[in-house]
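Reader: I would like to go through the terms used for this model and see what each rests on. Please start with what counts as a contact.

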Amino acid sequence: METSREESFPQIDLVIKREGNKVESLIQVLHGVQEMLGYLSVETQDYIAKEMNIPPSKVFGIVSFYNFFKTTKDADHVIMVCMGTACYVKGAAEVMKKFESELHIRKGQITPDKKFSIREVRCLGACGMAPVISVDGTDIYGRLTPEQIPGILSKYQ
Amino acid sequence: MKIYRIHALICAGGQCISAGGDSFESALKKELQAADLAEEIQIVETGCMGSCEMGPMMVIYPEGVVYVRLKPEDAEIITKEHFLKGRPVEHLMWRKEEGAFPRLEEVPFFAHQTKLVLRNCGLINPENIEEYIARDGYQGLAKAIADKDPKLVIDEIKKSGLRGRGGAGFPTGRKWETAYLQTSDIKYVVCNADEGDPGAYMDRSVLEGDPHSVIEGMAIAAYAIGAQKGYVYVRAEYPLAIKRLTHAIKQAKQSGVLGQQILGSDFSFDLEIRVGAGAFVCGEETALLNSIEGNRGEPKKKPPFPAEKGLFGKPTVINNVETFANIPVIMTKGADFFQTIGVPNNTGTKVFSLAGKVNTTGLIEVPLGISLRKIIFDIGGGIPHNKQFKGALTGGPSGGVIPATHIDTPIDYESLNSLGSMMGSGGLIVMDEDSCMVDIAKFFLKFTVDESCGKCTPCREGTKQMLNILEKITSGQGEEGDIERLEELGNTIKQTSLCNLGQSAPNPVLSTIRWFRNEYESHIRDKKCLCNVCTLSSPVKEVKKHARKKISH
């Protein structure tokens, strides 16, 4: 773990070089680094702070303010259940319950084998297909009923 | 230029792709190759066509035949029957009970719309600037630079009556004028594409389907106020929109309509994208500007307004995606034309994402002043399963509900405000008899509690207290006086919060109390949810037994 982070330092430098090392580039730098490493550990944040000459408290303030930034490693597959209004009135809560009971975790948690996590997300912008979920941000499933959930999960087992 | 016999427009909007549009397209390409038709038939990937419910969609021109809910296996029959023999495949077309609609214009979903903002969405390839230019694109900018003094551009926008489409409805021309009048060497133009209202995806569709219209609108704004630099602040959740916009900016620079010395003039304008990081409050303009500066997205006190002192302390025009997309139309066709659409003081159109319990959900654009009934029944095709229409939510977590009794209310800024709702950015969620209003109010409040930035106390603490009361009511612990407590708290939060998020957060609760007080009362007094949505503590067993019975059948 430690060594892999060591190796990625020059990569972080590259992101900073690309986005610029001014304060106004900080959010874009964090985006770039998270995309590369998957999450922003405290060590990563410290490193970015040092390289950009910004107080670590400022970096942490940004990371903790915005939902998009993660400070811990996520599961192999992240299930994002859309809880936008359109999905909600079309039964997204039932879909969420089914995922929770199938995986034996609550939303916001991660399975012990680190395979799945469930996250409640705001509108995915696919209201015409409500209720909608997205797996890993790329695979979208729409017009869902709770009965379809086990089948979807089995694809990622 | 190559001439094709047939143009097959395939919707490459986010939702059609998610529904399997990609695999249909590759199947079709294979079929065309096999039938030796690839030279005669051009496939065009367009932006969102609007009727997302029916995706993946394809429209065939010259006839205008609409195919819906396509699967890869349908490619063969369409190629053999329609493309080779000229016989449209009826069973794959958009149909009603009596038969298929022969042409796009005859489908009621499209027939009642007026498209200004979405004029190119679903018609052109958003990744090709030439197609945009062929549809009069960048003509508005050329006109502005060539024969108009910046002041005249502002006068034209003022005359058009265009109001901010982000929801509040502030006159766009007046905002520009304020920024124009400031003396400053540096000014900015910012596009708010932080579309956070859950249940709304208008801005996403415009950016994905016609990004150049936004770029052109911003460039015209920059010319008018004297700005050199602009930013588009887009949600991180919209990767396709970011990709297409990035591509469009690059193309615009190469074509000389963006960047240094635009169209050979002295006017230069550079545009950059800033990707948001998931904070609803950043849709508030001062919070958004804070975020572009690299700070936490916390709002600031107004005045000073951004037009006076905005990004990096400089005069800044900040408008929503849809507002900017209107600008080229006004510049090309004139303010007089724009005024003929809509009603006085509410000119032009509004894009809505029609969703929830309605037959045809999707993206629609209608003239302002249209009735809600027309939207839901003529365009949306009514409520599924012949259920009763109960109300429509507009304005998302800042708005409220329009009850069925007011279904003939014209959709304009003032009428919606007087009903206790608001125009908002354009989410329009239809609810039927099965939707519990107390539960919906709780849903929105949970959202604002999560999204409150925490800077000011009324919003941070007040919404939390309101949510506590609502949780009590929906779990069967409600008591007399709770409704009044909600009203008192709500009004206090509205008056004392720092920004619009807090000032409007109580709206969904206050509006549902106003129109559906009886539902609150039945939760509190009879411990009963009239719609069987909330699980109240006492009658819960009965409900569960009933549900179990249903499953065992």
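Author: Two residues are in contact if their C-beta atoms, placed from the backbone, lie within 7 Å. The model is a predicted one. By that cut-off, 21 residues of domain 2 of chain B are in contact with 18 residues of domain 3 of chain B.

Reader: Which elements give two or more residues to the side of domain 2 of chain B that touches domain 3 of chain B?

Author: They are α8 (202-209), α12 (321-333) and α13 (335-339) of chain B. By class, this side of domain 2 has six nonpolar, 10 polar and five charged residues.

Reader: What are the bounds of the domains of chain B, and what separates the centres of domain 2 and domain 3 of chain B?

Author: The assignment for chain B gives domain 1 as 6-107, domain 2 as 129-339, domain 3 as 346-432 and domain 4 as 437-525. Taken over C-alpha atoms, the centres of domain 2 and domain 3 of chain B are separated by 27 Å.

Reader: Why are α18(B) and α20(B) called roughly antiparallel?

Author: The axes of helix α18 (residues 482-496) and helix α20 (residues 507-525) of chain B cross at roughly 160°. Angles over 145 degrees count as roughly antiparallel, and α18(B) and α20(B) are therefore described that way. Their axes come within 10 Å, and the crossing is right-handed.

Reader: Which residues of α18(B) and α20(B) meet?

Author: B:Asp482, B:Ile483, B:Leu486, B:Glu487 and B:Gly490 in α18(B) face a set in α20(B) made up of B:Val509, B:Leu510, B:Ile513, B:Arg517, B:Tyr520 and B:Ile524.

Note on methods:
Residues are numbered from 1 along each chain as its sequence is written. Chains are lettered from A and ligands numbered from 1 in the order in which they are written. This is a predicted model: local features need pLDDT of at least 70, side-chain atom pairs count only at pLDDT 80 or more; totals for chains, interfaces and linings use all residues. Axes are lines fitted to C-alpha atoms, for helices over the stretch in contact, and angles run from 0 to 180 degrees between N-to-C directions. Helices (H or I, at least four residues) and strands (E, at least two) are DSSP runs, numbered from the N terminus. Angles under 35 degrees count as roughly parallel, over 145 as roughly antiparallel, 65 to 115 as roughly perpendicular and the rest as oblique. A crossing is left-handed if the near helix is turned anticlockwise from the far one by less than a right angle, and right-handed if clockwise. Domain bounds come from an automatic or database domain assignment. Ala, Val, Leu, Ile, Met, Phe, Trp, Tyr, Cys and Pro count as nonpolar, Asp, Glu, Lys and Arg as charged, and the others, Gly among them, as polar.
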